[in-house]
Amino acid sequence: MKSAELYEKNRSFFHAAKAIENAVIVSKELSSPEELYNMACNSSSLYQQHGSGDAGANVLDKVAKIIEEKAPDLAVKLFQQAADVSSVESSQHQGTEYISKASRLLVKLERYDEALDSLRREIGFHLESGYTGAVGRLTVAIVLVQLARGDAVAAEKAYKEWGNNCEVPEMQTLEMLLQAYDEEDRDAAKRALASPFIRSMDVEYARLAGTIPLPEGIEPVPKAAVRENAAPSYVSVNIGEGEEANMSRAEVEEIDFADNRKTEEEDDLC
């Protein structure tokens, strides 16, 4: 690090940045993720001052991979910064690779709101570079994230917004999935989420599909249980055929009571 300071004082920015990058490689097992993060940012800044934007983005990406397991939050920041540097200093195509890593890591961390912003930015990079082939797959990813958030309406809006960039397999998958949620069909939703297309996506999105809550569905009203060999309801002999249906329960019980009392009186006379 001392050599990096001397290079910087002499305005040898490239060599200063390279010295810090080498220090990262040497100390990656000993330094904390925070220290490595700061070293990556310093190295990238010096590369940019020299005019080597690609090298600046590359060192951010390299350190992000090193600290991703221990400090995923910091890794996300480095991937995002790498995308920023690359989009300004280099090309949109390279920037999409870095922002794609940030998007997938955010999904893995279940930071869905931030993942949506990252995915939209990723789509923007592709559209700016004129490469629309990946937009359809990213649309599927956005729909999955929206469903994971429990917002089927937003998922449908995303499809309407970018669905014209989808290819046939992507359109079929999304239409089947969104229809299942619209109709609250649990079985259809489960089949759609397990479709071969979704299983072929990046592992973070394929795993996400397995955690998405299924629609509640509409449970059928259970029929009243009928006991087998049950005795028929008692009907008074004094009620004419067809009259019982027009009488209230209280009226039927009153007639039954009168019949029973009459029977008791006749027994007493005997």
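Guide: Start with a definition: a charge patch is made of residues with over 30% relative accessible area and no salt bridge, with like charges joined within 9 Å. Keep in mind that this is a predicted model.

Visitor: Which residues gather in a patch of negative charge on the surface?

Guide: Asp and Glu count as negative. Patch members need over 30% relative accessible area. Asp-182 has 60%, and Glu-184 has 37%. The patch consists of Asp-182, Glu-183, Glu-184 and Glu-216.

Visitor: Where does Asp-182 lie, and is Asp-182 buried or exposed?

Guide: Asp-182 lies in helix H10, which covers residues 168-182. Exposed means over 50% relative accessible area. At 60%, Asp-182 is therefore exposed.

Visitor: What is the phi of Glu-184, and where does Glu-184 lie?

Guide: Most residues other than glycine have a negative phi. Glu-184 is not a glycine, yet its phi is positive, about 55°. Its place is the loop between H10 and helix H11 (186-193).

Visitor: What about Glu-110: which loop holds it, and what is its phi?

Guide: Glu-110 sits in the loop between helix H6 (92-108) and helix H7 (112-129). With 57% relative accessibility, Glu-110 is exposed. Glu-110 is not a glycine, but its phi is positive, about 60°.

Visitor: Which residues are linked with Glu-21 in a network of salt bridges?

Guide: The side chains of Glu-21 and Lys-62 meet at 2.7 Å, N to O. That pair links distant parts of the chain, helix H2 (residues 13-27) and helix H4 (residues 53-67), 41 residues apart. Glu-21 is buried at 6%, whereas Lys-62 is partly exposed at 31%. The network links Glu-21 with Lys-18 and Lys-62.

Visitor: What separates Asp-117 and Arg-120 in helix H7?

Guide: Asp-117 forms a salt bridge with Arg-120, with the closest N and O atoms 3.3 Å apart. Because the two are 3 residues apart in helix H7, the separation is about one helical turn.

Visitor: How many disulfides are there?

Guide: A disulfide needs two cysteine sulfur atoms within 2.5 Å. Cys-41 is partly exposed at 21%, and Cys-166 is buried at 9%. By the distance rule, the count is 0.

Key
Residues are numbered from 1 along each chain as its sequence is written. This is a predicted model: local features need pLDDT of at least 70, side-chain atom pairs count only at pLDDT 80 or more; totals for chains, interfaces and linings use all residues. Side-chain values use heavy atoms; hydrogens and water are left out. Buried means under 20% relative accessible area, exposed over 50%, partly exposed in between (1.4 Å probe, protein chains only). Patches are made of residues with over 30% relative accessible area and no salt bridge: like charges are joined within 9 Å, nonpolar side chains (Val, Leu, Ile, Met, Phe, Trp, Tyr) within 5 Å. Accessible areas come from the Shrake-Rupley method with a 1.4 Å probe; for residues, only the protein chains shown count as cover. A salt bridge is a side-chain nitrogen of Lys or Arg within 4 Å of a carboxyl oxygen of Asp or Glu. The place of a charge is taken as NZ of Lys, CZ of Arg, CG of Asp or CD of Glu. Helices (H or I, at least four residues) and strands (E, at least two) are DSSP runs, numbered from the N terminus.
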